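Hi there,

Here is the structure I promised to pass on to you. Have a look at it first, and then read my notes below.

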Amino acid sequence: MSETPTTPTPPPGTGPGPDAGHGVWSDKHRSAGPDPTRGYGAGSGWASGGTVFAGVLMMVGGILGILNGIAGIAKDDVYARIGTYTYAFNLTTWGWIHLIIGVVVAVTGYGVLKGQGWARGVGVAIAALYIIAYFMFLPYEPIWSVIAIAIGVFVIWALVSDGSDNAARA
């Protein structure tokens, strides 16, 4: 008696039946996660593009922070204080705060643009510190402080929501 070779049962979605013709798509993307070119969720093209934009914003915001810091250190009367405020520091002190935070934000933004894994975590922490610093700086530059706070919130969202392979690689 000759044995008839048995063919293995095809995985669901590849053989005849209601899923016929869709097996390649189903099997290929079943474990791959969300398609980065579709949707608005974590790992989508929107979130990945937001991370690049967040890196650019961090670099620009860091450079502006450096310039604010230099201006505050060079002349103590560059910024006019509006009323009294609980978190009143000497403007030279504010200059050093902005200079140091600006350098760290710019370097971290560069790391985000280069796809460094450490830069995402550090970027979230630095963006939170950036928000707090500009909240405390409200009486000196109220309009720019509100804009900087909004930019910091966007940067945190973009860095946390990007679940792409490039962001999780390092």
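Which residue with a positive phi follows H3? It is Gly115, with a phi near 80°. (Helices are DSSP runs of H or I, at least four residues, and strands are runs of E, at least two, numbered from the N terminus.)

Before going further, please note that this is a predicted model, in which local features need pLDDT of at least 70, side-chain atom pairs count only at pLDDT 80 or more, and totals for chains, interfaces and linings use all residues. Residues are numbered from 1 along each chain as its sequence is written, and side-chain values use heavy atoms, leaving out hydrogens and water.

How confident is the predictor? The protein chain has a mean pLDDT (confidence in each residue, from 0 to 100) of 76, and 60% of its residues reach 70 or more. Over residues 21–31 pLDDT stays under 50, and it is below 50 over residues 36–43 too. Where pLDDT is low, the predicted coordinates should not be read in detail.

The axes of H3 and H4 (residues 117–136) come within 9 Å and cross at roughly 150°. Axes here are lines fitted to C-alpha atoms, for helices over the stretch in contact, with angles from 0 to 180 degrees between N-to-C directions. Residues in contact (heavy atoms within 4.5 Å) include Trp94 and His98 of H3 and Trp118 and Ala119 of H4.

H4 also meets H5 (residues 142–161): their axes come within 9 Å and cross at roughly 160°. That makes H4 roughly antiparallel to H5. Among the contact residues are Arg120 of H4 and Trp144 of H5.

Enjoy exploring!

Conventions: pLDDT is the predictor's confidence in each residue, from 0 to 100. Angles under 35 degrees count as roughly parallel, over 145 as roughly antiparallel, 65 to 115 as roughly perpendicular and the rest as oblique.
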